[in-house]
Structure formats: C-alpha cells, structure tokens
Amino acid sequence: MATLFVDKVDPQSGTSLEIGSSGDTTNIVGTLNHNGIGLANTPAFEAFRSGSAQTISNDTTTKIQFNSEIFDTAGAYDASTNYRFTVPSNTAGKYFVYSMIWMQAQTSTTFRDCQLTIRKNGSDYKRAYWYFNNNPIRWIIPSVFATMDLSVGDYVEMFILTQTTDSATTSVTHNDTQPASNFGAYKIIT
C-alpha cells in the first residue's frame with residue numbers, strides 16, 4: 001500500500017469529488033471535519049392531532065391517533081392507519097423520541113391521574129406518570145421522551161391512560177395551525 005501526502009484534493013472538473021468506487025470501504029483515521037456535509041438527524045418526523053379532538057375513555061389505555069404530519073423526511077410515519085413510526089431500511093441506531101399531549105376533561109370533570117407511554121414494538125418502553133388525587137385539575141399537558149436503540153422495522157407509538165373524578169371521558173385536543181398535541185422522533189448522529 002502506498003501513502004499519498006498532499007494538503008488538498010480538488011476535483012479535476014466540476015464540483016464533485018469521488019473517493020473510491022461503489023462497494024469500496026473507505027476508512028477515515030483521525031478527525032474528520034465535515035463542515036455540516038453528509039450528516040443529518042434523519043429520518044425524522046413530527047405528527048400532531050388535527051381535525052376533531054380524540055375521545056379517551058376513562059381508565060382505558062388508548063393509542064393516540066396523531067393524524068397529520070408537520071414533516072416526515074422518510075415517509076416512515078403512518079398518519080392514517082397505525083399511527084406509528086417504523087424505522088426504515090438502513091437507518092438503525094439511536095433515536096430521540098418525544099411526545100406532548102394537551103388533555104382536556106369535561107366541564108364537571110377533573111383528572112385524578114394520567115400515564116403517557118412510549119411503546120416499542122407493542123411493549124411499554126417508557127412511561128411518565130402524574131397523580132392529582134389531592135388537587136384534581138381540568139387541563140393537563142403531560143409529556144414523555146426517551147433515547148432509544150431502534151433497529152430496522154422497529155416501531156414506536158404513543159398510548160395514554162387517564163382516570164377522572166367521575167369516570168367521564170376526556171379528549172386529546174387539537175389545533176390545526178399550532179399543534180397542541182404532538183409526537184415525533186429523529187435519529188441521533190453518533
């Protein structure tokens with residue numbers, strides 16, 4: 001193997017420089033200063049609840065149906081059927097997953113407690129819990145977030161469980177111009 005000593009490599013013509021050929025492995029030893037080129041926190045998405053509010057039955061774990069998207073860089077969030085993000089091909093890694101829900105109880109109802117849960121492949125991954133029994137309130141904005149190792153084909157979705165003082169239904173509120181309830185994720189550059 002030969003060693004080439006140069007201070008700068010420029011393309012012979014145009015503005016595109018190719019190192020190696022398709023299928024080759026290129027090893028970078030030392031520090032690579034990327035200047036923002038080639039690295040991005042993608043795939044990434046953020047979805048929200050639009051149209052009508054989603055009704056949540058008391059004391060029933062319910063999947064939150066985020067039915068609109070603000071952005072989805074890989075088309076990996078299903079906003080119409082499963083309401084979940086599925087990791088696309090060649091994008092396994094660490095992801096930051098987050099959600100914030102604006103919950104409203106009925107006029108004469110107040111919340112006793114609330115659980116907001118991130119599920120991975122159908123199983124609880126991380127849960128945030130709020131308990132209001134001694135001081136029940138009518139509006140809550142629970143949030144949950146996690147850094148997760150996700151493989152290709154893994155999926156994440158959001159679930160909520162609320163209990164109210166009179167066992168009434170509650171709702172996940174919406175706002176089409178400024179999303180009040182959202183769910184998102186992005187791949188972390190490692």
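Two strands are said to pair if DSSP finds at least two bridges between them, and both helices (H or I, at least four residues) and strands (E, at least two residues) are DSSP runs, numbered from the N terminus. The views below show a predicted model, in which local features need a pLDDT of at least 70 and side-chain atom pairs count only at pLDDT 80 or more, whereas totals for chains, interfaces and linings use all residues. Residues are numbered from 1 along each chain as its sequence is written, and side-chain values use heavy atoms, with hydrogens and water left out.

View 1. Among contacts (heavy atoms within 4.5 Å) between residues at least 6 apart in sequence, 74% join residues at least 24 apart. The chain exposes about 11,400 Å², of which carbon and sulfur atoms supply 47%; accessible areas come from the Shrake-Rupley method with a 1.4 Å probe, and for residues only the protein chains shown count as cover.

**View 2. The hairpin formed by β8 and β9.** Strand β8 (residues 111-120) and strand β9 (residues 123-131) run antiparallel and are joined by eight bridges. Within this pairing, I118 stands opposite K126 in β9. Two residues lie between the strands, and N121 in the turn has a positive phi of about 55 degrees. R119 forms a salt bridge with D124, the closest N and O atoms being 2.8 Å apart, where a salt bridge is a side-chain nitrogen of Lys or Arg within 4 Å of a carboxyl oxygen of Asp or Glu. R119 counts as buried because its relative accessible area is 19%, whereas D124, at 41% relative accessibility, counts as partly exposed.

**View 3. An open sheet of four strands.** The strands follow the order β2-β13-β7-β10, and the pairing is antiparallel. At the edges are β2 (54-56) and β10 (139-140), each of which pairs on one side only. Three bridges connect β2 with strand β13 (residues 170-172) in the antiparallel sense, and I56 stands opposite T170 in β13.

**View 4. Strand β6 with its partners β11 and β14.** Strand β6 (residues 93-100) pairs with strand β11 (residues 143-150) in the antiparallel sense over eight bridges, and with strand β14 (residues 182-187), also in the antiparallel sense, over six bridges. S99 can be followed to both partners, standing opposite V144 in β11 and having F183 as its bridge partner in β14. When inspecting such strands, the reader may recall that in a regular strand the side chains alternate between the two faces of the sheet.

**View 5. A network of salt bridges linking K63, R84 and E157.** Six salt bridges are found in the whole structure. In one of them, the side chains of K63 and E157 meet at 2.8 Å, N to O; this pair links distant parts of the chain, K63 being in strand β3 (residues 62-63) and E157 in strand β12 (residues 155-164), 94 residues apart. R84 also forms a salt bridge with E157, the closest N and O atoms being 3.4 Å apart. R84 lies in the loop between β4 (68-72) and β5 (85-86) and E157 in strand β12, so this pair ties together parts that are 73 residues apart in sequence. Both R84 and E157 are buried, with a relative accessible area of 3% for E157.

**View 6. A nonpolar surface patch made by L4, V6, V9, L17 and I19.** The patch covers about 530 Å²; patches are made of residues with over 30% relative accessible area and no salt bridge, like charges being joined within 9 Å and nonpolar side chains (Val, Leu, Ile, Met, Phe, Trp, Tyr) within 5 Å. V6 is placed in the segment before β1 (44-48) and, at 47% relative accessibility, counts as partly exposed. L17 likewise lies in the segment before β1 and is partly exposed, with a relative accessible area of 44%. Not counting residues up to four places away in sequence, L17 touches V9, D10 and P11.

Terms used. Buried means under 20% relative accessible area, exposed over 50%, partly exposed in between (1.4 Å probe, protein chains only).
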